[in-house]
Amino acid sequence: MKAWNYYCKGYVRIRLQSGGPERFLNMCAHHNIPIWDLQNRGGFYEMNVSISGFYQMKPICRKTGSRVKIIKKYGLPFFFYRNKKRKAFFIGILAGFCLLMVLSQHIWNIHVEGNRHNSTQTILNYLDEIQIHHGILKKNVDCSYIAEQMRKEFPDITWVSAKISGTRLILEVKENATANKMIKQTEENPSSIIAGKSGTIVSMITRKGTPCKKVGETCEKGETLVSGRVDIMNDSKEVVGYEYTESDADIYIQSQMQYYHEFNMHFQKNVYTGEAKKGPVLQFGDYVINLKGKNRFDQFDTVTKLHQVRVTENFRLPIFYGSCIDYESVTKPYKYTKEGAEKKAQEQLDLLLETLREKEVRIEANNVKIQVLDDVCVAKGQLTIIERSTEKQPVEILEQPAQTTEETEE
């Protein structure tokens with residue numbers, strides 16, 4: 001702070017030549033003249049002194065027979081004096097301060113913290129809907145209103161704090177991780193479970209409905225496995241009524257899946273020559289400026305890397321910068337080796353198996369064989385899979401059977 005104060009008021013670097021420098025310095029201390037950065041240069045001394053202190057040294061120099069010489073001048077007064085003819089410079093400083101004052105009246109950074117279930121972008125999109133966005137005047141921001149609207153829009157947010165700090169709008173939220181989601185109560189739609197494909201039932205757990213098949217039995221596609229109609233019987237095992245429900249069951253069906261994949265042993269491949277041409281790229285919105293220029297390549301691949309200009313963590317401008325590289329390539333004919341063809345065929349098969357596993361399909365047996373011929377490679381066979389392949393089908397509502405009553409005479 002002292003250094004900044006001296007710089008604002010201005011100070012000078014002086015050189016002292018005296019037969020009694022100790023007496024000179026003691027008299028300066030007696031008159032409270034600030035001196036700092038004192039250095040001994042052999043036959044003389046160098047030090048910093050304020051402008052007012054420099055003028056107070058005149059009588060001290062006469063008494064001690066000392067001489068002082070200004071080496072360099074520092075501080076704002078000297079800076080302004082040296083640039084007094086540069087009117088545009090001072091106008092720019094004034095305009096900069098005015099622009100800074102104007103920009104400080106706006107919100108340029110909206111910071112959200114404490115959110116886990118609701119993403120920051122989702123919250124920012126909602127704030128934009130209620131006219132709270134980057135660049136809004138701070139006087140138009142009602143923190144209480146923002147907190148109230150967010151609690152209404154996001155039921156899982158239990159607490160919201162909105163405050164303005166400088167040009168930042170800080171939102172602190174707390175979410176109820178154990179909050180039960182609102183479940184809409186809907187009436188049950190009576191339905192049955194039918195087979196999605198033909199196969200053998202290997203597992204069946206029924207929670208609601210009437211089972212029509214057992215474990216180990218075969219089923220055809222579209223055949224009813226669990227009926228959504230429950231027959232009500234009397235003591236004589238006669239159907240006296242029907243009740244309907246939405247069937248619910250876990251049913252696993254084993255089936256055979258045919259596999260066939262063929263590809264040509266000859267193929268074309270792009271090979272990079274090592275030649276490339278690189279240049280900068282600028283993008284303003286949808287307008288792109290490519291400064292790379294044209295290349296002399298007949299065939300090439302282009303790789304563009306762009307970075308978006310960001311003022312704050314969530315305030316991004318529609319301006320991008322980066323580089324664009326063209327890599328020259330040529331097309332050459334190739335042929336798979338036997339090992340390469342088998343490896344590619346196996347990779348294709350493994351990709352299918354991985355996709356099936358992601359869909360919770362269990363591979364029970366793999367009987368696929370790979371054959372490499374002169375011009376083609378063929379992989380064919382069948383897979384034994386176990387999966388939940390069922391569908392729901394609405395239940396046909398039947399007319400309730402007529403009830404007979406027997407009258408007895410006493």
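Which residue in E7 does Lys163 stand opposite? Lys163 stands opposite Ile170. The model is predicted, with local features requiring pLDDT of at least 70 and side-chain atom pairs pLDDT 80 or more, while totals for chains, interfaces and linings use all residues. Residues are numbered from 1 along each chain as its sequence is written, and side-chain values use heavy atoms, leaving out hydrogens and water.

**Sheet**
- Three strands form an open sheet in the order E5-E7-E6, with mixed pairing.
- Strand E5 (109-113) and strand E6 (157-165) are at the edges with a single partner strand each, so one side of each has no neighbour in the sheet.
- From one strand to the next, the twist averages 15°.
- Strand E7 (residues 168-175) pairs with E6 in the antiparallel sense over eight bridges.
- Two strands pair if DSSP finds at least two bridges between them; helices (H or I, at least four residues) and strands (E, at least two) are DSSP runs, numbered from the N terminus.

**Helices on the sheet**
- Helix H6 (residues 120-129) lies across E5 and E7 and runs at about 130° to E5.
- Helix H7 (residues 143-153) packs on the sheet, touching E6 and E7, at about 155° to the direction of E6.
- Contact means heavy atoms within 4.5 Å; angles run from 0 to 180 degrees between N-to-C directions, with axes fitted to C-alpha atoms, for helices over the stretch in contact.

**Cysteines**
- The structure holds zero disulfides (pairs of cysteine sulfur atoms within 2.5 Å).
- The closest cysteine sulfur to that of Cys8 is in Cys98, 19 Å away and too far for a bond.
- Cys219 is in no disulfide, with the nearest cysteine sulfur, that of Cys212, 12 Å away.
- Cys8 is partly exposed at 30% relative accessibility, whereas Cys219 is buried at 2% (buried is under 20% relative accessible area, exposed over 50%, partly exposed in between; 1.4 Å probe, protein chains only).
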